[in-house]
Amino acid sequence: MLAGRDAQLEDMSVAVQRMTLGRFERSILLTGLRGVGKTVLLNEFGMIAEREGWIHEHLEATDDTKIAKAMATMARRCLLELSLRERIKDRAVAGLRVLKAFVKIHVPAGDGGALTIDVEPFAGLADSGDLERDIGDIFREVGETAREAQTGVLFTIDELQYLSSDELSVLIVGLHRVSQLGLPLLVAGAGLPSLPGLAGEARSYAERLFSFIEIGSLKKDDAIAAVVEPVQAEGADWEPLALEKILRDSEGYPYFLQEFGKQAWNVAEGPVITAAEFDRSTVLALDELDTGFFRARVDKTSDAERNYLRAMAQLDGPGPYASGEVAASMGKTTGQVGPVRDSLIKRGLIFAPRHGQVAFTVPMFEQFILRRLT
Ligand SMILES: Nc1ncnc2c1ncn2[C@@H]1O[C@H](COP(=O)(O)OP(=O)(O)O)[C@@H](O)[C@H]1O
Ligand SMILES: [Mg+2]
């Protein structure tokens, strides 16, 4: 059950419909901690678009995503799909020829395998060598072809924080180049709050192009709905005290609601989940979280990185923490631990909510570290 996201789903639905009619709509950037429901929301966006007859392409960015190849891959699939529609076949093929020229310049064959496009390249578009401009040309080919087919295209991009700020800038500036044309091409991205700070031109464009939506823990009523509705649908229910406890222990974070809810469901004799049963189930839930969700985040960290995480967790509260205090508690200067802090940010484990601060990207991570890593 997807609780508490009706407003976002409705906004997406409206955006798709308005864009199909040729109106400008802002693209969307979801940011939030791990486990708050960004990925499931992106998936829902994709389904909304598909229900409206749009083409939807998805990308999950990683450390070594190259934006030129990623966008060319998505554009290729869109144009190939559109080329199957008889009425716009020629327009789609023209788009593929422009894409072929783009690939020749911007996607070297050695770069993890070539993208095969079986047409003659078209000279003069998307081949200037200026990546931002050329990506703009590709977006235009895709958008115009979709418009001619009376449909639209949604690109969803998850884990955007893994793109370097240069790669992200290319995407934003490229998108800006076509935003004036009223083409039905929408991007919905999601990432940690550590999404790299954008500089200069890209920043001012991003502010106009994107709606920034912060996704967080669920409001009380929505958190209740998330655990009550699926249980009631099975003819069961929660004792009020048990419900109170799951809301408290999960802090309303979707991932934790699901995990605590699942274990309580398994432990309960039924048909009513009691507080005592909930209490017994939390050991299992925490164990599951510790060995799965939390553990997966620290698996690849070095000793120095773990020391830094430990120093953060041992300070009071859930953060954010002053980076100066973290360093001081390790007996070091901020400068000395700077490289470790940066590598943890790059791994997406911590982020800097503001200058001189650090915070965990995973809710309740400090509790996990104190339980398991000290
Ligand atoms: N709105 C919601 N209502 C109920 N459960 C949710 C909601 N959003 C997410 N979840 C649960 O939390 C889990 C984590 O969501 P996910 O989208 O992977 O988080 P993120 O991408 O932000 O790390 C999902 O598998 C789902 O079980
Ligand atoms: Mg996700």
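Which residue has an N or O atom in its side chain 2.8 Å from a nitrogen atom of ligand 1?

Mentor: This is a predicted model, in which local features need pLDDT of at least 70 and side-chain atom pairs count only at pLDDT 80 or more, while totals for chains, interfaces and linings use all residues. Residues are numbered from 1 along each chain as its sequence is written, chains are lettered from A and ligands numbered from 1 in the order written, and side-chain values use heavy atoms, without hydrogens or water.

The residue is Gln-258, whose side chain places an N or O atom 2.8 Å from a nitrogen atom of ligand 1. Backbone N or O atoms also make polar contacts (pairs of N or O atoms within 3.5 Å): that of Met-1 lies 3.1 Å from a ligand nitrogen, and that of Gly-37 lies 3.0 Å from a ligand oxygen. Taken alone, ligand 1 exposes 570 Å², of which the protein buries 80% (Shrake-Rupley areas, 1.4 Å probe).

The shell around ligand 1 (residues with a heavy atom within 4 Å) has 16 residues, of which Ala-3, Gly-35, Lys-38, Thr-39 and Gln-258 come nearest. Two helices (DSSP runs of H or I, at least four residues), α2 (38-51) and α10 (254-267), are the elements that give two or more residues to this shell. Domain 1 (6-214) and domain 2 (220-296) each supply at least three, the bounds coming from an automatic or database assignment. By class, the shell holds 9 nonpolar, 4 polar and 3 charged residues, with Asp, Glu, Lys and Arg counted as charged, Ala, Val, Leu, Ile, Met, Phe, Trp, Tyr, Cys and Pro as nonpolar, and the others, Gly among them, as polar.

Key
Polar contact = N/O pair within 3.5 Å; in protein donor to acceptor, adjacent residues only side chain to side chain.
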